[in-house]
Amino acid sequence: KGPRNAPTVLNAVLNEAQFWDGRADDLKAQAKGPVQAGVEMANTPENVVKTLTSMPKYPEWFGAAFPGEKDPVSFDNMAKAIEAFEATLITPAPFDRYLNGDDAALNADEKSGLELFMGKGCSACHGGINVGGRGYYPFGVVEKPGADILPKGDQGRFAVTKTASDQYVFRAAPLRNVAATAPYFHSGKVWDLKQAVSIMGNVQLGADLKSDEINKIVAFLGSLTGDVPKVELPVLPPETETTPRPNGEVKAK
C-alpha cells in the first residue's frame, strides 16, 4: 500500500507538474519515480538498463527511437519513451464539444451544474484545459477536514519546498474523467463523488451545498468523462539468460 492515491495518467500531460505535491516537473521526471519507489517497482536505473539490454529487441527499438545516440538504451531514454506514450492519452469529452459551440452536448442538469461549479467558486482552483492540475492550494482553505480525510503524516508540498506555508498544500486535482477515477483526494479515503463534492464545498468554499446542487455539479463533472484512446498492447521481447531476476521477496501475511 502506497502513501497516496495514484493520480490518473489520462490527460496528465496537461498538468503543470506531476504528483500531488508537484515534485516532478513533467511526465519524464514522473516516469522515473515509480520505477525506483520501494513500494512500487523497487528497481534501480542500472538494473533497468541491464534488463533492457539483455533482450536484443529492445536495443534495436531504442536505436530506432533515439537515432545517433551512442548509448540509446538509457534510464533517461526509458523515461522519455514512457512520456511520449502517456502524452497520447488525451480524452476529448462532451464538455469540449460544448465549449466548441455544440449547445446540445450538455443536458439541462449538466449546464446547471456548470453554472454552480463556476458560481460557487470551484473553477477558481479547477480551471484551465484539464479543469485543474494547475496551481497549489491548501486542503482546507476554510476548515481543515478531519484525520479520516487528511492524514496528519502527509503535509503535501511542504515535503518538496520545506516552506511552512506549503504545509497541507497540494496541486489542484485535474477533474477530467473524475467520475471514472475514484477514489478521491490524495488520501484516497472517499469513493463517492457526491461525498467528495460535499466535502470540497465545506472545507474549500465554506459552502454547505444542498443535495440538488451536489447532484447537478456531479452531473456536470460527468460531462468531463472523455473517450479513452484505444491502446494496442505490444508483444514484449522474451527474457534471456542474462535478464536480471527479481531479488525481492513477498512474504505471506
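How far is the sulfur of Cys-122 from the closest cysteine sulfur? The separation is 9.0 Å, to the sulfur of Cys-125, which is too far for a bond. A disulfide is taken here as a pair of cysteine sulfur atoms within 2.5 Å. A search of the whole structure under this criterion finds 0 disulfides. Cys-125, whose nearest cysteine sulfur is that of Cys-122, is likewise in no disulfide. Accessibility is classed by relative accessible area: buried is under 20%, exposed is over 50%, and partly exposed lies in between (1.4 Å probe, protein chains only). Cys-122 counts as buried because its relative accessibility is 14%. Cys-125 has a relative accessible area of 22%, so this residue is partly exposed.

The model is predicted; local features need pLDDT of at least 70, side-chain atom pairs count only at pLDDT 80 or more, and totals for chains, interfaces and linings use all residues. Residues are numbered from 1 along each chain as its sequence is written, and side-chain values use heavy atoms, with hydrogens and water left out.

The chain contains 9 helices and 2 strands. Both kinds of element are DSSP runs, numbered from the N terminus: helices are H or I with at least four residues, strands are E with at least two. Their order from the N terminus is α-α-α-α-α-α-β-α-β-α-α. Along the principal axes, the C-alpha atoms fill a box of roughly 65 × 45 × 35 Å. Of the 253 residues in the chain, 40% are buried. A contact requires heavy atoms within 4.5 Å. Among contacts with a separation of 6 or more, 66% come from residues 24 or more positions apart.

The expected span of a helix is 1.5 Å times one less than its number of residues. Helix H4 covers residues 75–86. With 12 residues, H4 reaches 17 Å from its first C-alpha to its last, close to the expected 16 Å. Buried positions in H4 are Phe-75, Asn-77, Met-78, Ala-79 and Glu-86. The cover over these buried residues includes helix H1 (27–36), helix H2 (45–53) and helix H3 (57–65).

Helix H9 also has 12 residues, and its end C-alpha atoms are 17 Å apart. This agrees with the 16 Å that H9 should span. Glu-213, Ile-214, Ile-217, Val-218, Phe-220 and Leu-221 are buried in H9. Viewed down the helix axis, the buried residues of H9 fall within an arc of 155°, so they line one face. The arc is that of the directions from the helix axis to the C-beta atoms. Helix H5 (94–99), helix H6 (108–119) and helix H8 (193–205) pack against the buried residues of H9.

Thr-225 lies in the segment after helix H9 (211–222). Its relative accessibility is 29%, so Thr-225 counts as partly exposed. Not counting residues up to four places away in sequence, Thr-225 touches Ala-93, Pro-94, Asn-177 and Ala-179. Ser-54 is 171 residues from Thr-225 in sequence, and the C-alpha atoms of the two are 41 Å apart in space.

Aromatic contacts were then considered. A pair of rings is described by the distance of the centres and the angle of the planes. Rings of Phe, Tyr and Trp (its six-membered ring) pair if their centres lie within 6.5 Å; planes under 30 degrees apart are stacked, over 60 edge-to-face, and the rest tilted. The count comes to 6 aromatic pairs. In one of them, the rings of Tyr-58 and Trp-61 have centres 5.6 Å apart and planes at 90°, so the pair is edge-to-face. Both residues lie in helix H3, 3 residues apart, about one turn of the helix. Tyr-58 counts as buried because its relative accessibility is 17%. Trp-61, at 37%, counts as partly exposed. The rings of Tyr-58 and Phe-62 have centres 6.5 Å apart and planes at 65°, so this pair is edge-to-face. Tyr-58 and Phe-62 lie 4 residues apart in helix H3, about one turn. Both are buried. Ring pairs join Tyr-58, Trp-61, Phe-62 and Phe-66 into a cluster.

Charges over rings were also located. The criterion places NZ of Lys or CZ of Arg within 6 Å of the ring centre and within 35 degrees of the ring normal. The charged end of Arg-157 sits over the ring of Tyr-136, 4.1 Å from its centre. Lys-162 lies over the face of Phe-158, 5.9 Å from the ring centre.
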